Amino acid sequence: MRLPEAGMTMIDYHVHPSYSADASGSIEEFCEAAVQKGLREICFTTHLDADPVREEDFVMVRGEKVSIYSPDWLEDYELSIRNAGDAFADQNLKVKLGVEVDLYPGVIDQLPETFHSTDFDLVVGSVHLVNHKAISLMEEAIDIFREYELSELGNRYYRVIIDSIESGLFDIVGHLDIYRRYGEEYYGEDILKLWEPHLEELVHSMKTHRVGFEVNTSSWRRGLKEPMPASSLIQALLKGGIDTVTVGSDAHRPEEVGSGIGRAISILMECGFQSTSLYDCRVPRPIRLY
Ligand SMILES: [Zn+2]
Ligand SMILES: [Zn+2]
């Protein structure tokens, strides 16, 4: 198998600096780490959590808790990223402005006005919650698994993703099968097919709204065998005609930047992808993998 062209494809399109309460490391520290790992492009995707039930609708700005509705934080975030872009240009690193919006029913109406007026390069939409509980956190995930039959979980999970895609507000779907994080151990292999009844509708909405997906490598750091989505779903999406894909580590600390990216690119190639995509001002630009 031919290895990907490192210089062309060493990118990380899912990175959380310390604006997210669960992340540590400044934008400059992440950029420094990216340069050291030989990355050519990094896209910051801080969390934008708006679910009022969970009361987590805040970000951290230089250590201070700030509501996502406060007018200034996105400006601060954007300025820091654009400044880093200038500072790291001579080290051959491009720095992009992204965001990871937490998807749940009704999210569209609760996004802050500043979200709509910010010139993002990439808007990622990701489900972390099922009925206000976090499927991405072990204890809450187990509660969810106890509450719903597997097929009901699939219905709820994919309904939120498809409805969110229909809003036209998102460019890519983040970690599409994150229910595997704790679901593989709870349900066994059955959960690997959770997407099957929803594939047709998912692909249709992604095509209609020109939405791509990411290969998220964080599952490897948590002991799973496959990235998110797993290669069976990656192949099914490509077969359905979805060929816009990014790769991201979901780093929450500078040392995690770039983790698993080469391996993810290899999997994309094995699945039949010929390109991955970079984004500028929310427009994808494919770059060849080989
Ligand atoms: Zn996420
Ligand atoms: Zn993330």
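Colleague: Which residue in β6 is the bridge partner of leucine 103?
Modeller: That would be valine 127. Before we go on, please keep in mind that this is a predicted model.

Colleague: On to the metals. What coordinates the zinc ion (ligand 1)?
Modeller: Three residues do: Glu100 through OE, and His128 and His175 through NE2, at 2.1 Å. Along the chain, those donors have the spacing E-x27-H-x46-H. Histidine 128 sits in the loop between β6 (122–127) and β7 (129–130), while histidine 175 is in the loop between β9 (172–173) and α8 (180–187), so this pair ties together parts 47 residues apart in sequence.

Colleague: Are those two, histidine 128 and histidine 175, buried or exposed?
Modeller: Both histidine 128 and histidine 175 are buried.

Colleague: What about the zinc ion (ligand 2), which residues coordinate that?
Modeller: Its donors come from His14 (NE2), His16 (NE2), Glu100 (OE) and Asp250 (OD), at 2.0 to 2.3 Å. The spacing along the chain reads H-x1-H-x83-E-x149-D.

Colleague: Which residue bridges the two zinc ions, and how far apart do they lie?
Modeller: Glutamate 100 is the bridge, and the zinc ion (ligand 1) and the zinc ion (ligand 2) lie 3.2 Å apart. Histidine 14 belongs to strand β1 (residues 11–15) and glutamate 100 to strand β5 (residues 94–103), so that pair ties together parts 86 residues apart in sequence. Histidine 14 and glutamate 100 are buried as well.

Colleague: Why is the arrangement around the zinc ion (ligand 2) irregular?
Modeller: Because its four donor atoms subtend angles of 83 to 174°. To count as tetrahedral, four donors would need all angles between 85 and 135 degrees. For reference, the ideal angle for four tetrahedral donors is 109.5 degrees.

Colleague: I'm thinking about the cysteines. Is cysteine 31 buried or exposed?
Modeller: Cysteine 31 is buried, at a relative accessible area of 0%. Cysteine 271 counts as buried too, with 9% relative accessibility.

Colleague: One more residue, please. Where does glutamate 41 lie?
Modeller: Glutamate 41 is in strand β2 (residues 41–48). It is buried, with a relative accessible area of 4%.

Colleague: Which side chain does the side chain of glutamate 41 make a polar contact with?
Modeller: The one on tyrosine 13, at 2.5 Å. Leaving out residues up to four places away in sequence, glutamate 41 also touches several others, including Met10, Leu93, Lys96 and Tyr279.

Colleague: And glutamate 196, where is that found?
Modeller: In the loop between α8 and α9 (199–208). Glutamate 196 counts as partly exposed, at 42% relative accessibility. Its C-alpha atom is 9.1 Å from that of alanine 236, a residue 40 positions away along the chain.

Note on methods: Residues are numbered from 1 along each chain as its sequence is written. Chains are lettered from A and ligands numbered from 1 in the order in which they are written. This is a predicted model: local features need pLDDT of at least 70, side-chain atom pairs count only at pLDDT 80 or more; totals for chains, interfaces and linings use all residues. Side-chain values use heavy atoms; hydrogens and water are left out. Donors are N, O and S atoms within 2.8 Å of the metal (3.2 Å for Na, K and Ca); water is not among the atoms, so sites may look incomplete. Helices (H or I, at least four residues) and strands (E, at least two) are DSSP runs, numbered from the N terminus. Buried means under 20% relative accessible area, exposed over 50%, partly exposed in between (1.4 Å probe, protein chains only). Four donors count as tetrahedral if all angles lie between 85 and 135 degrees; four count as square planar and six as octahedral if opposite donors are over 155 degrees apart and all others between 65 and 115; anything else is irregular. A polar contact is a pair of N or O atoms within 3.5 Å; within protein, one must be able to donate a hydrogen and the other to accept it, and residues adjacent in sequence count only if both atoms are side-chain atoms. Contact means heavy atoms within 4.5 Å. Two strands pair if DSSP finds at least two bridges between them.
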